[in-house]
Amino acid sequence: MYSWEKNIRTVEPYVPGEQPKETNIIKLNTNENPYGPSPRIASMKLDTDFLRKYPDPRAGMLVDKLAEYHGLSSDQVFVGVGSDDVLAMSFMTFFNSDKPILFPDITYSFYDVWAEMLRIPYEKQPLDENFNIVKEDYMKENGGIIFPNPNAPTGILVDTDFIEDIVKNNPSSIVIIDEAYIDFGGTTALPLIDKYDNLIVVRTFSKSRSMAGLRIGYAMANPVLIKYLNDVKYSYNSYTMNTPSLILGSEIIDDEEYFRSVTGKVINTRERFTKAIKEMGFTVLPSKANFVFASHSTVPAKEILEKMKSQGVYFRYFNAPRIDNYLRITIGTDEEMDKVVGLLSKICCATN
Ligand SMILES: *Cc1c(COP(=O)(O)O)cnc(C)c1O
């Protein structure tokens, strides 16, 4: 051990899903959208002179566009480099209490990483035996609340009344709802931000808008919360959003038709795939996301994971209590999922 090591900020980092180099694989491990982004941006010609200058620190072009799209005013929107950036910034800004923040024991595995890194006390609240969030667990003293809706990796959605109860009963805490997957059939909590000053709704372009590579996420809340977020951002890095992201991100918002058709296709494929694998002995949690969380009655998840990988199909596996016999399977195209069903039936239904 070096003598300076005791003063280092050591963290156990978040481990993202694998990004294999091979191209002829079926990649269902990181919840990317199988369809490309709106074709509008493929034909855009970018004037490169803008790269010489710093980007707009307010990210105004995109903030204004998103505000208009959601029927909000521009001072109710904050954008960042993926929702991971928006969430990390929100942890820093809003979770500043000595009391523990609360989130589910089975959820997005970045939450405890940020809490550890920022030295925020936290207490995980166990999901019930059917992997549902227990509302009452979020009615005790706390320094803040966060969970995804639908939750990840379960895919299970709670309704708006459930969220409203939690927000209403925690007037001195900030409640963050991470809506990374809300566009795949969920109902957003967004209307509640006008009624409650302690609610933040966070979205991303990475899943439903097929732009994980661009890195755009945003938060929506009342103007006071957005101002606090911006104060922290400007004290940390004024230029989080690069100009190409601002331009392409703004353009994509205009293609509502494409957005609806792509999310609709993913939803249809999810339902079809769920039915097919249930018939081969899988338990599939009811998902409103672009993935399903599934466990087989006889074949261990780890074995399915490895056999599928040897066939070039990637799923996500979490070696964690209660979920280590489950696989998180991103919904790909119909063609991809048909192949997956074929391969799974050989592994899980073969009578040998
Ligand atoms: C994917 C994901 C995010 C982060 O997405 P970005 O690519 O950083 O926008 C945030 N929360 C949950 C629950 C996710 O699954």
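How far from an oxygen atom of the ligand does a polar side-chain atom of Lys207 lie? The separation is 3.0 Å. The protein covers 93% of the 390 Å² of accessible area that the ligand has on its own (Shrake-Rupley method, 1.4 Å probe).

This is a predicted model, in which local features need pLDDT of at least 70, side-chain atom pairs count only at pLDDT 80 or more, and totals for chains, interfaces and linings use all residues. Residues are numbered from 1 along each chain as its sequence is written, and side-chain values use heavy atoms, with hydrogens and water left out.

**Ligand shell**

- The ligand is surrounded by 13 residues (a residue is near if one of its heavy atoms lies within 4 Å).
- Ser83, Tyr181, Thr204, Ser206 and Lys207 are the closest.
- By class, the shell holds five nonpolar, four polar and four charged residues. Here Ala, Val, Leu, Ile, Met, Phe, Trp, Tyr, Cys and Pro count as nonpolar, Asp, Glu, Lys and Arg as charged, and the others, Gly among them, as polar.
- Helix H2 (residues 82-94) gives the most to this shell, with four residues. Helices (H or I, at least four residues) and strands (E, at least two) are DSSP runs, numbered from the N terminus.

- A polar contact is a pair of N or O atoms within 3.5 Å.
- Thr204 places a polar side-chain atom 2.5 Å from a ligand oxygen atom.
- Ser83 uses its backbone: an N or O atom there lies 2.6 Å from an oxygen atom of the ligand.

**Largest pocket**

- The ligand sits in the largest pocket (more than half of its atoms lie within 2 Å of the pocket's grid points).
- On a 1 Å grid over the protein atoms alone, a pocket is an open set of points with protein on both sides within 12 Å along at least five of seven lines, while a cavity is a set where a 1.4 Å probe fits but cannot get out; lining residues have an atom within 4 Å of a point.
- The volume of the largest pocket is about 1100 Å³. Grid points are joined across faces, edges and corners, and a volume is the space filled by probe spheres set on the points.
- Its lining has 47 residues, with Tyr14, Val15, Tyr108, Ser109 and Arg316 nearest the centre.
- That lining divides into 22 nonpolar, twelve polar and 13 charged residues.
- At least two lining residues come from each of H2, strand E3 (101-104) and helix H3 (111-117).

**Largest cavity**

- There is one cavity of 30 Å³ or more.
- The largest cavity contains about 60 Å³ of space.
- Residues lining the largest cavity include Gly36, Ser208, Arg209, Asp255 and Phe259.
- Its lining divides into four nonpolar, four polar and two charged residues.

**Backbone features**

- Most residues other than glycine have a negative phi, and most peptide bonds are trans.
- The Asn149 to Pro150 peptide bond is cis, with omega near -5°.
- The Ala152 to Pro153 bond is also cis, with omega near 5°.
- Pro150 is in the loop between strand E5 (144-148) and helix H4 (160-168), and Pro153 is found in the loop between E5 and H4.
- Ala59 has a positive phi, near 55°. Ala59 is in the loop between strand E1 (26-27) and helix H1 (60-70).

Technical notes: A polar contact is a pair of N or O atoms within 3.5 Å; within protein, one must be able to donate a hydrogen and the other to accept it, and residues adjacent in sequence count only if both atoms are side-chain atoms.
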